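Thanks for coming. I have a few points to go through, so please have the sequence and the structure open.

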Amino acid sequence: MLSNVEGTIPAGAELVIVGAGVVGASTAFWAARAGLSTVVLEALPVPAALTTPVATGAFRLQFDNPEETELVRESVELILDFASITGQDSRPLGIRQPGYIWATTSEKRAGEQRRLVALQHSWGQTDIEILGGDEARRMFPYLSPDVVQARYRAGDGFVDPRALTLGLLRASRAPLHTSCRVVSLRELPSGGFDVGTDRGSIRAEQVVIAAGPFTAKLAALAGVDLPLKVKPRHKVVIPDLARVPPDAPMTIDDDTGVHWRPVLSGAHVLDAAPRGPGRDPVEDVPPDHDMAFRVLDPSRSEAAARISPFWGEAWRAGEFSWIVHSGQYTMTPDHRPLIGPTPVAGLWVNTGYSGHGIMCSPAGGRILADLITSRIQDSPFSTDRTFVDRSLDHL
């Protein structure tokens, strides 16, 4: 358990971080490295208990833009060298690197893959491969005969999101106050903020809101409107299925977005990134049970069996037992995070990772700490940027 969990909140702090998921934990770690005296507030009884533990827990260096590619490169360096960088090795991060593969049955999509990989190579990520259908099946025999091409990177992989978060919090040594819900956020005439919680108030010189789906609501307390939408996200947890190759990469149907990865003695199966209107954030997300049928029933057009036939065989043999695990994505218009200052001086946000928080926020926290301490002046993830629609990179 964390040794820096504390009781009575202090009267004041140089920096208050609201939220103790992976984003808040990364911010706390890098703020400490930058010499900032930091206090972390978490509404729930334990850290990393809302969106972080229901994440897919994966990282990959296959993006459609150089800015996020750089963000993940830095994050992966931290993840892979976690003990020496943070001094925290009490709990392994569960790192595995079987890769990420996007498979397509469409010649049109195959052309799009080739164009994307050429761009990725131009950004220095030259270890991403294009595999013809036969080559892909030789490497991964579970792929369908209908697969005509795939893009693949062997170094991509998986990490335990909660272990990563708790390790960053330990390394920050920042006092952590759990069951401490922020209810007001008031800018003080003399500078700084009065942060009101259900356990009393704390005066902060600066505040970072890193509260995932609740970030926009908290920012609104200070009169800040953020371009965020909250969308439910569901995954099917199949704890035991012998047909799942245990060493398989993250396997993605590039035509539908349905993807799966080995977990435990089975797998997690997910559909495409969430679409449709946003919803109010909640702490208990209702599961979408129909989602399980969409991805598991081979008669459905988006089923995982489309490119991995063993899923259909398991369905017809009645081998499935599953649980629907539900969380929330905090989405920006361009699916890239918001990292930086708000229009209110001293109020910062680190949010909106749009499903990429585990793989991007370890570096995102460093960017924000550098902005706060004026080591850098701006970043491509500023809150006032022009948002450009991105439809190519959706997972």
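Is Cys360 buried or exposed? This is a predicted model, and in it Cys360 has a relative accessible area of 0%. The cut-off for buried is under 20%, so Cys360 counts as buried.

Staying with cysteines, Cys180 has a relative accessibility of 1%, so Cys180 is buried as well. As for disulfides, the structure holds zero. For reference, a disulfide would be a covalent bond between the sulfur atoms of two cysteines.

Next, Ser361. Ser361 sits in helix α10, which runs over residues 357–372. The relative accessibility of Ser361 is 0%, so Ser361 is also in the buried class. What does Ser361 touch, leaving out residues up to four places away in sequence? The list is Val22, Val23, Ser26, Ser75, Tyr353 and His356.

The crossing of the two helices is left-handed.

Which residues make that contact? On the α1 side they are Val22, Ala25, Ser26, Ala28, Phe29 and Ala32. On the α6 side they are Leu164, Thr165, Leu168, Leu169, Ala171 and Ser172. Sorted by class, the contact of α1 with α6 has nine nonpolar residues, three polar ones and no charged ones.

Key. Residues numbered from 1 in each chain as written. Predicted model: local features only at pLDDT ≥ 70, side-chain atom pairs only at ≥ 80, totals over all residues. Heavy atoms only, no water. Helix = DSSP H or I, 4+ residues; strand = E, 2+ residues; numbered from the N terminus. Buried < 20%, exposed > 50% of the residue type's maximum accessible area, 1.4 Å probe, protein only. Contact = heavy atoms within 4.5 Å. Left-handed = near helix turned anticlockwise from the far one by under 90°. Nonpolar A, V, L, I, M, F, W, Y, C, P; charged D, E, K, R; others polar. Disulfide = S-S within 2.5 Å.
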